[in-house]
Amino acid sequence: MQQTRFRIKDIWKKFHEYHFPGDPGGYDRGIAPETRNDGLEGRDPGKCVFMKRYFVFAVIVALILGNTFPIVSATALSSDCSDVEFIFARGSGEYLGDVSYSAWHDNIIAQLQGLDLKYDFYELGSQSYGGYQYPATAVSGGVGEFFTLLGAFISSGDSFKFGASVEQGVGELKAYLIQSSRACPTTKYVLGGYSQGAMIMSGTLPRLDASKIIYVTTFGDPKLYLPEGAPSPTMFRSPDACRGVNISPYRKYVPDCHAYEGVLGSYRPYQTVSYSGKIGTWCNKKDIMCSSGLNISNHTEYISDNLYEDAAKTIRNKLIVALLLTPAEKEQLDKFHDLVFLFDTTGSMASTLNRYREEAKSLAEQVYDEGGRVALYEYRDLQDGYEPAQACDFSCTESELNQQLDNITVSGGGDNAESLLSGALTAMNGLSWREGATKTPRRPYRCSVPFA
C-alpha cells in the first residue's frame with residue numbers, strides 16, 4: 001500500500017506542475033479553497049473541474065495497472081532478505097522467549113554452524129499481523145485456567161477461550177507469511193510448534209503455500225493423528241504400530257505404539273500430499289497430549305530428552321538438500337550415505353523387535369530422503385549354526401526395505417555370544433559400498449556399534 005500511495009502522489013505532483021506552473025507546493029496541501037494561497041485564484045472553474053476528473057481517471061488507471069503489473073518492492077530485492085526463516089509457536093501458558101522457543105532456537109542455531117545461509121527467527125505472538133496476535137492462553141494455574149482447559153476438551157480445542165487463542169495464532173501465522181512472502185518472495189520457511197503451538201502449525205498447513213515450506217516440526221500435538229495406532233477391531237490383534245507396519249512417514253519419535261490421536265482429537269489427514277516429506281512429529285513417551293498414556297510430566301520433558309536437538313538435526317539435513325545443493329548435486333545425493341542395519345533375531349529380542357523395527361524405518365526414511373541407500377542383514381548366536389543373512393542389499397527401495405523389516409522373525413538364542421562381528425564382516429564384504437560414501441553399519445539394540 002505504501003508504494004501505491006507514492007504513485008498517486010507522484011501522478012498528482014506531475015499533473016499539478018504541468019497545469020499549474022509556479023505552484024510547487026500546492027499539490028499536497030489539502031487545505032480549504034477560501035484559505036489557499038497557492039496561485040489558484042482566477043483559474044477557469046470549468047477547466048479545474050475537467051482537470052479534477054482527469055486526475056481521478058488517471059488515479060484509477062494507475063491503480064488498475066498497479067494491480068495488473070505490480071511493482072517489485074525495494075524490500076524484495078534487498079540483500080536483507082533471508083534464505084530461510086524459522087517460525088515457532090509456543091505452548092499454552094508459555095511466555096515469549098520461554099523455554100520451548102529457546103530450545104528450538106538454540107538447537108537450530110547449533111546445527112546451522114558451517115552452513116552458508118542467511119536466516120532469521122520469528123515467534124508467534126511477538127507482534128500483531130492482520131489484526132491477530134497469538135496469546136498462548138494458559139490451561140493450568142488457577143480456576144480460570146481450569147475452565148479454559150475444560151472448554152478446550154469439550155470443543156476439541158475449537159471454541160471458547162482456548163479456541164480463540166488458537167484462532168489468533170492461525171490468523172497471525174497466515175498474515176505473517178503473506179506479508180513476509182510479499183517482501184521477500186524467495187525466502188523459505190521452517191515451522192515449529194509445541195503443544196497448543198503444534199496444533200496451530202498442523203492445523204494451518206492446508207491453508208499455506210506448501211512450496212514455501214521446507215519443513216514442519218510438531219512436539220506434543222494435541223491434534224496428532226497416527227492411523228497405525230488405531231485399536232484393532234479384534235481384541236486379539238495389536239495396532240499396526242505395535243507390529244511395525246504401515247508407519248506414518250511423519251512419525252519421527254513416537255515410542256508409544258498405541259498412540260492414535262491427540263487428547264483434543266486429530267487433524268485428518270495430518271500430512272497431505274503437498275507436504276510429503278515436509279512434516280515430522282515428536283510425541284514423548286506417554287505424553288498425555290498426544291499418546292495413549294496419561295503422563296503429564298512427559299509433556300514437559302521434550303527439552304531434557306533432547307527431542308529439540310533431534311529435530312534440529314533433521315532440519316539441518318532438510319536445509320542442505322533444499323537450499324545448498326545444486327541440481328547436479330541433488331542428482332548425486334545417493335553417493336553421500338550407505339547404511340546397513342544389523343538385526344539380532346534371537347529369541348531374546350522378541351519384546352523389543354517392534355520398537356527397533358520402527359526406529360530402523362524412521363532412520364531409513366531420513367537416509368532415503370537425503371538420497372542415500374540402505375541394506376539389511378540378520379544374525380543370531382554363534383551356537384545356532386545360523387549364518388548371517390542378507391535380507392536387502394543397496395538396491396532395495398524404501399518400500400522393499402520396510403517389507404523385509406516387517407518379515408523379520410526371532411528364534412533360537414541363549415546365553416552364548418551373538419555373532420555380531422560375523423554379521424558386520426559379512427555385510428562389509430558382501431555389499432557394493434561406493435567410493436566417497438559415508439558408511440554406517442548400525443545395530444539397532446540399545447546403542448549403535450561404532451565401526452571404522
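A: Start at N306, which is found in the loop between β6 and α7 (307-324). Helices (H or I, at least four residues) and strands (E, at least two) are DSSP runs, numbered from the N terminus. N306 has a positive phi of about 60°, although N306 is not a glycine. N306 is partly exposed, at a relative accessible area of 44%. Here buried means under 20% relative accessible area, exposed over 50%, and partly exposed in between (1.4 Å probe, protein chains only).

This is a predicted model, in which local features need pLDDT of at least 70 and side-chain atom pairs count only at pLDDT 80 or more, while totals for chains, interfaces and linings use all residues. Residues are numbered from 1 along each chain as its sequence is written, and side-chain values use heavy atoms, with hydrogens and water left out.

How long is α9? Just after α9, G371 takes a positive phi of about 90°.

Is α9 mostly covered or mostly open? Helix α9 is mostly covered, with 12 of its 17 residues buried.

Side chains of opposite charge can pair when their charged atoms come close. E358 forms a salt bridge with R251, and the closest N and O atoms are 2.7 Å apart. This pair links distant parts of the chain: R251 sits in strand β5 and E358 in helix α9, 107 residues apart. R251 is buried, and so is E358. E228 joins in too: E228, R251 and E358 are linked in a network of salt bridges.

The second pair is K252 with E365, whose side chains meet at 3.3 Å, N to O. K252 lies in strand β5 and E365 in helix α9, so this pair ties together parts that are 113 residues apart in sequence. K252 is buried, with a relative accessible area of 11%. E365 counts as buried as well, at 9% relative accessibility.

The side chains of R373 and D338 meet in a salt bridge at 2.9 Å, N to O. R373 lies in strand β8 and D338 in strand β7, so the pair ties together parts that are 35 residues apart in sequence. R373 is buried, and so is D338. In total, the structure holds 13 salt bridges.

Strand β5 also opens the loop towards β6, and P269 has its place in that loop. The peptide bond from R268 to P269 is cis, with omega near -5°.

Now step back to the whole protein. There are 11 helices and 10 strands. Buried residues make up 44% of the 452 residues. Contact here means heavy atoms within 4.5 Å. Among contacts between residues at least 6 apart in sequence, 75% join residues at least 24 apart.

How confident is the predictor? The protein averages a pLDDT of 81, and 75% of the residues score at least 70 (pLDDT is the predictor's confidence in each residue, from 0 to 100). Over residues 1-9 the pLDDT is below 50, and this stretch has 13 contacts in the model beyond near neighbours in sequence. Residues 24-43 also stay under 50, with 18 contacts beyond four places in sequence.

Notes: A salt bridge is a side-chain nitrogen of Lys or Arg within 4 Å of a carboxyl oxygen of Asp or Glu.
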